[in-house]
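Reader: Please take me through this model. I would like to begin with how its parts are named.

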Amino acid sequence: MLQTVCVSSPGSWALRESHYHRDGKKTSRKYGFIRTIIQHPCRRHDPKGPGKARMLKKIQICLCFFFVSGILYEISLLSSCCFSYTPMSKHFLTPEQVLNLGKSIIFLETTERLEPPPLVSCSVESAARIYRDRPIILFMKGLRNDTALDLNSSYAAFSLLSSMKNVFIFPLHMETVFQETPLLQWYYQVIPEQEKNWVHVSSDASRLALIWKYGGIYMDTDVISIRPIPKESFLAAQKSQFSSNGIFGFPAYHKFIWDCMENFVLKYNGNIWGNQGPLLMTRMLKAICNLTDFKGTEDHSCQNISFLNPQRFYPIPYPAWRRYYEVWDKSPTFNHSYGLHLWNFMNHNQKAVVAGSNTLAEKLYKAYCPTTYEDLIQNAELRDFTGSEDSA
């Protein structure tokens, strides 16, 4: 029931109920609570005259000011919970709260390591710069609690990534992720210690469950974003008639992702690398679409799913992955690409970006993840140089 607050004396309040007609209908006031306070004080005989009335008027104005200020403050908090992140308050949000905002960019680290290497940091930073109005989430299996590491972490990459306003780092709890999906029963039955490709298989499963539940875009941690992806439902072709699962995006509860999870369990074979990853995406896409070879740089579309040209993310195919760590006479422009997959799985010798090497990868770091380049690459070089001098 709406009640009207009336100021009767400096130290007391009176409540007046809204009036009702005999037919039960409530008399409405157009400007509601605030206008009632300002324009309709309770009128009583006041022997002190105009002075007290002016005091009451000032009290009413102050109350109105504080009430409006409170509303504006609440609105500001609401807006900040959407996409105007602040480094302090964001650490109090849960994964579900952030994911429920929608359109997240999701990265996964399914090893136990806690220090993201430079390429992982570059991938996350580049996404945070390209998608400034979207949450960027890095899930890490090595974290054991629900608190993201703070800005004072001893891990340089954590401090760097945590300082970015739209980047969130959360523990990866697979049992929670797989709840209410076909993958939960599989997860209870599988024995990770007996799976030779568990790091990859568990990542393949987790990305499907997260995108199905919350929607958004999944990216591998060796993808450098260079411009926004304009599609909502898409798979990325690694080559003609063959899909990757390193980058894909769908709205929540999309049937294609559900079907992929069911097939994941039905056709599970952890001994075949990629059987639950790119091979899964390819066979599921072929089941509903008549795939043809790409000609030029056009994309394909089927069942409202965009099948993106290999140029979008794989302009340098995996047999030529070393080209990223070589010096080019003329660097490519990648005008037809949304991101670049650096094929870290192929990088068994752990080729790295070296400051001053002038390789293609170094130029990409400078252009798309400059903070990672400055703080992790150059500082690492400086530490190595200082260490060599001290040992001399």
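Author: Helices and strands here are DSSP runs numbered from the N terminus: a helix is H or I over at least four residues, and a strand is E over at least two. The model is predicted, so to speak of local features pLDDT of at least 70 is needed, side-chain atom pairs count only at pLDDT 80 or more, and totals for chains, interfaces and linings use all residues. Residues are numbered from 1 along each chain as its sequence is written, and side-chain values use heavy atoms, with hydrogens and water left out.

Reader: Where is serine 121 placed?

Author: Serine 121 belongs to helix α4.

Reader: Is serine 121 buried or exposed?

Author: Serine 121 is buried, because its relative accessibility is 0%. Buried means under 20% relative accessible area, exposed means over 50%, and partly exposed is in between, using a 1.4 Å probe and protein chains only.

Reader: Which residues does serine 121 contact?

Author: Setting aside neighbours within four places in sequence, serine 121 is in contact with Ala157, Leu160, Leu161, Thr372 and Leu376. Contact means heavy atoms within 4.5 Å.

Reader: What does helix α4 lie across?

Author: Helix α4, residues 118–130, lies across β3 (105–109), β4 (136–140) and β5, and runs at about 170° to β3. For such angles, axes are lines fitted to C-alpha atoms, for helices over the stretch in contact, and the values run from 0 to 180 degrees between N-to-C directions.

Reader: Changing topic, in what order do the strands of the open sheet come?

Author: Eight strands form the open sheet, in the order β5-β4-β3-β6-β9-β8-β11-β10, with mixed pairing. β5 (167–171) and β10 (300–302) are at the edges, each with a single partner strand, so one side of each has no neighbour in the sheet. From one strand to the next, the twist averages 25°. Two strands pair if DSSP finds at least two bridges between them.

Reader: How many bridges join β4 to β5?

Author: Five bridges join β4 to β5, and these strands run parallel. Methionine 140 has proline 171 as its bridge partner in β5. Elsewhere, β6 (residues 216–219) and β9 (residues 242–250) run antiparallel and are joined by four bridges. There, isoleucine 217 has glycine 249 in β9 as its bridge partner.

Reader: Is β5 mostly covered or uncovered?

Author: β5 is mostly covered, with five of its five residues buried. In a regular strand, side chains alternate between the two faces of the sheet. In β5, Val167, Ile169 and Pro171 point one way, while Phe168 and Phe170 point the other way.

Reader: Which residues touch the most other members of the largest nonpolar core?

Author: They are Ile136, Met219, Ile229, Ile247, Tyr324 and Tyr365, in a core of 50 residues. Helix α4 gives the most to this core, with five residues. Another core of 45 residues lies apart from it, and includes Val98, Leu183, Ile211 and Phe248. A nonpolar core is a set of buried Ala, Val, Leu, Ile, Met, Phe, Trp, Tyr and Cys residues joined through side-chain atoms within 4.5 Å.

Reader: How many aromatic pairs does the structure hold?

Author: The structure holds 19 aromatic pairs. Rings of Phe, Tyr and Trp (its six-membered ring) pair if their centres lie within 6.5 Å; planes under 30 degrees apart count as stacked, over 60 as edge-to-face and the rest as tilted. Tyrosine 314 and tryptophan 343 form a tilted pair, 5.1 Å centre to centre with 40° between the planes. That pair links distant parts of the chain, 29 residues apart: tyrosine 314 is in the loop between β11 and β12, and tryptophan 343 is in the loop between β12 and α11 (360–368). Tyrosine 314 and tryptophan 343 are both buried.

Reader: And what sits over the ring of tryptophan 328?

Author: The charged end of arginine 323 does, 4.0 Å from the ring centre. Lysine 239 likewise lies over the face of phenylalanine 242, at 5.7 Å from the ring centre. A charge sits over a ring if NZ of Lys or CZ of Arg is within 6 Å of the ring centre and within 35 degrees of the ring normal.

Reader: Finally, where is tyrosine 318, and what does it contact?

Author: Tyrosine 318 is in the loop between β11 (305–308) and β12 (339–341). Tyrosine 318 is partly exposed, at 37% relative accessible area. Beyond its neighbours within four places in sequence, tyrosine 318 contacts Gln238, Trp343 and Met346.
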